Amino acid sequence: MTSFSAGKPLPAIPPWRAACLLTLAIVALLWTHPALAHSVTLGDKGYIQEISGMRIIPFLYLGAKHMVTGYDHILFLFGVIFFLYGMKEIGIYVTLFAIGHSTTMLAGVWFDFGINSYVIDAIIGFSVAYKALDNLGAFRKWFGVQPDTKLATLIFGFLHGFGLASKILDYNISQDGLLANLLAFNAGVEIGQLTALAAILIVMNRWRKSASFARQAYAANVLMIVTGFTLMGFQLVGLAVA
């Protein structure tokens with residue numbers, strides 16, 4: 001898996017540029033409306049609470065919407081494929097992530113086991129920063145070791161799945177038709193993930209052809225680090241004051 005540490009030192013980023021990236025990240029997060037995150041909107045929650053029985057299409061829609069509007073899930077996926085060029089390699093990592101979040105999402109809801117939303121969302125924010133640091137080769141540079149990227153993707157997939165489970169449990173979903181609805185929701189999540197992945201790959205393929213990709217890619221991963229830790233900080237503050 002390619003990173004900036006492969007045979008070359010990390011390029012320096014000017015302080016003014018780092019400050020700009022930090023400012024942009026914080027402003028973007030402050031202006032992000034809760035409905036654009038992967039939280040449960042009041043309309044969706046009310047609808048789910050009012051219905052019962054097998055509802056395949058609505059849960060397909062909710063699963064796809066949850067993933068497409070879940071910017072922290074998308075940021076992590078973006079980081080995972082950032083330096084992956086071959087479709088086979090991309091498929092392996094995306095499959096590992098899908099296996100992880102599908103397993104804990106289904107098990108968490110079926111066995112009525114969730115993790116505090118603030119805690120799991122803080123971990124998801126950390127996963128974004130972790131992947132960007134991994135992309136920059138920071139762990140090899142700082143600690144002299146390279147974590148297993150496939151294992152890390154699977155583990156963070158499990159954790160992202162607990163985030164999905166926590167949100168579904170917030171729906172107070174009916175037990176009538178639960179399994180079919182959960183499978184539909186999970187299928188919707190995968191549809192949303194593939195849709196987001198397709199859009200990311202189109203942008204990435206065009207971006208990689210530009211002469212300034214290496215410099216801009218470094219800045220993009222720095223921005224992801226800032227964004228991930230900022231998301232993590234917001235959730236920890238929310239946990240402290242909740």
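A: Buried means under 20% relative accessible area, exposed over 50%, and partly exposed in between (1.4 Å probe, protein chains only). The model is predicted, so local features need pLDDT of at least 70 and side-chain atom pairs pLDDT 80 or more, while totals for chains, interfaces and linings use all residues. Residues are numbered from 1 along each chain as its sequence is written, and side-chain values use heavy atoms, without hydrogens and water.

The protein contains 10 helices and zero strands (DSSP runs numbered from the N terminus: H or I of at least four residues for helices, E of at least two for strands). From the N terminus on, its elements therefore read α-α-α-α-α-α-α-α-α-α. Of its 242 residues, 47% are buried. Where contacts (heavy atoms within 4.5 Å) join residues at least 6 apart in sequence, 87% of them join residues at least 24 apart.

The largest nonpolar core comprises 52 residues (buried Ala, Val, Leu, Ile, Met, Phe, Trp, Tyr and Cys, joined through side-chain atoms within 4.5 Å). Phe59, Ile81, Phe82, Ile168 and Phe185 have the most contacts inside this core. At least two core residues come from each of H3 (56-68), H4 (71-80), H5 (87-110), H6 (117-135), H7 (138-143), H8 (149-170), H9 (178-208) and H10 (213-241). H9 supplies the largest share, with 11 residues. Leaving out residues up to four places away in sequence, Ile168 touches Met105, Val109, Ile173, Leu182 and Phe185.

Leu106 belongs to helix H5 and is partly exposed, with 24% relative accessibility. Gly161 lies 55 residues from Leu106 in sequence, yet their C-alpha atoms are 8.1 Å apart in space.

Leu183 also takes part in a nonpolar surface patch of about 580 Å², together with Trp110, Phe111, Phe113 and Leu179. Patches take residues with over 30% relative accessible area and no salt bridge, joining like charges within 9 Å and nonpolar side chains (Val, Leu, Ile, Met, Phe, Trp, Tyr) within 5 Å; a salt bridge is a Lys or Arg side-chain nitrogen within 4 Å of an Asp or Glu carboxyl oxygen. Phe113 sits in the loop between H5 and H6, and its 47% relative accessibility makes it partly exposed. For the protein, the accessible surface is about 11,800 Å², 70% of which belongs to carbon and sulfur atoms (Shrake-Rupley method, 1.4 Å probe; for residues, only the protein chains shown count as cover).

Aromatic pairs number 15 (ring centres within 6.5 Å, using the six-membered ring of Trp; planes under 30 degrees apart are stacked, over 60 edge-to-face, the rest tilted). Phe83 and Phe213 form an edge-to-face pair because their ring centres are 6.4 Å apart and their planes stand at 75°. This pair links distant parts of the chain, 130 residues apart: Phe83 is in the loop between H4 and H5, and Phe213 in helix H10. Both Phe83 and Phe213 are buried. Trp142 and Phe143 also pair edge-to-face, at 6.3 Å centre to centre and 90° between the planes. Trp142 is exposed at 53% relative accessible area, and Phe143 is exposed at 58% relative accessibility. One aromatic cluster is formed by Phe76, Phe97, Phe126, Tyr130, Phe139, Phe156 and Phe229.
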